[in-house]
Amino acid sequence: MSTVVPLVFWGNEPPSHHVTCVAISPMGQEVATGCSSGFICLWSLSYREFTRESTDDLSGQKISTMNNFQAHAKSIIVGASEQISALCYSQDGTMLFSASSNGEIIRWDSMDGACTHQVILEGTHSGLKYLGNPQTHHLLLVFGNYSKAYLLDASTLDLAIILNSDEQPNWISAMLPIPLSLYQKETHILGITAEPLIKIWDVPRLDIQFPESDCKAEDKSRHTDLKNVLHVTHWPKLIAQRLLVVGASYFKVLGVRAKSQLPELCHVDCLSHVFSLSGGDFMDDTHIIVWS
């Protein structure tokens with residue numbers, strides 16, 4: 001079977017497009033943006049340090065170092081049939097997954113833009129999350145404007161397990177896998193519904209094979225004050241885990257503790273009549289990025 005790889009060329013500036021979703025590569029060196037017309041743009045990130053004169057009242061020093069970054073258009077991936085609704089990278093950054101508004105899930109080679117696998121799942125998908133590492137089974141979490149979620153084999157996009165919502169089922173606004181320990185045999189998958197409820201599914205460790213097309217109900221469910229959540233992501237330091245929760249007009253940083261406790265560490269309101277927030281991510285231990 002032959003593979004067709006579309007190529008797109010542009011001049012000094014990439015073509016303008018309406019961005020519908022964003023994904024940052026694991027090493028923070030590349031950003032993928034999906035658009036309403038169905039193509040995906042890959043951007044290389046370059047960081048630059050510069051100094052700005054300032055005076056410290058205690059030491060008298062007049063120089064401080066700051067960081068800045070720029071995005072440069074790298075390539076455009078063409079092939080999805082409708083608007084891109086979600087994107088995510090594999091943990092090593094070699095694979096890029098996309099979801100489209102018609103239920104299409106595609107696995108792309110992030111190096112050359114080739115489509116390697118494709119499947120259509122019923123529903124409007126709003127989120128993708130990658131689960132796994134080089135030593136374990138690779139899974140892709142798919143969720144959206146419906147009350148269940150799918151776990152797919154990330155290598156083949158075959159259905160592995162369905163996560164059902166039995167208690168007060170509603171649309172799932174955001175989901176996130178949270179590995180509690182390298183030695184535990186389960187991974188928490190946290191979901192926030194439109195109710196709003198926090199739901200927890202305990203799934204087997206990722207190097208354990210799932211029964212074919214199994215179904216599992218949530219293990220915990222409780223009400224929360226996290227309203228109108230659009231995006232949630234995880235800083236995977238096992239000693240000091242953090243969650244970034246983004247709503248249209250705010251973002252919060254939460255801690256992760258046992259028994260599904262999520263203490264609030266930081267809350268920032270972003271009230272604007274011009275734009276609303278749509279997502280965010282951790283850049284490192286002390287920096288986050290949010291976008292509209």
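User: Which residue does the side chain of Lys-216 meet in a salt bridge?

Analyst: Keep in mind that this is a predicted model. A salt bridge needs a Lys or Arg side-chain nitrogen within 4 Å of an Asp or Glu carboxyl oxygen. Here the N to O distance is 2.6 Å, and the partner of Lys-216 is Asp-219.

User: Is Asp-219 buried, partly exposed or exposed?

Analyst: Buried would take under 20% relative accessible area, and exposed would take over 50%. Asp-219 comes out at 40%, so the label is partly exposed.

User: How many residues apart in sequence are the parts tied together by Lys-199 and Glu-218?

Analyst: These two form a salt bridge, with their closest N and O atoms 2.9 Å apart. Lys-199 sits in strand β15, while Glu-218 is in the loop between β16 and β17, so the parts the pair ties together are separated in sequence by 19 residues.

User: What about Lys-252, buried or exposed?

Analyst: Lys-252 makes a salt bridge with Glu-264, at 3.3 Å between the closest N and O atoms. Glu-264, at 45% relative accessible area, is partly exposed. Lys-252 has 7% relative accessibility, so this one counts as buried.

User: Which residue of β19 is the bridge partner of Val-229?

Analyst: Strand β18 covers residues 229-235, and six of its seven residues are buried, so the rest of the structure largely encloses it. Six bridges join β18 to β19, and the two run antiparallel. In β19, Val-229 is partnered by Gly-247.

User: Which strand has the lowest mean pLDDT?

Analyst: The chain averages 78, and 76% of the residues score at least 70. Over residues 62-66 the pLDDT is below 50. Among the elements of the chain, β6 has the highest mean at 94, and the lowest, 67, belongs to strand β4.

Methods:
Residues are numbered from 1 along each chain as its sequence is written. This is a predicted model: local features need pLDDT of at least 70, side-chain atom pairs count only at pLDDT 80 or more; totals for chains, interfaces and linings use all residues. Side-chain values use heavy atoms; hydrogens and water are left out. Buried means under 20% relative accessible area, exposed over 50%, partly exposed in between (1.4 Å probe, protein chains only). Helices (H or I, at least four residues) and strands (E, at least two) are DSSP runs, numbered from the N terminus. Two strands pair if DSSP finds at least two bridges between them. pLDDT is the predictor's confidence in each residue, from 0 to 100. Contact means heavy atoms within 4.5 Å.
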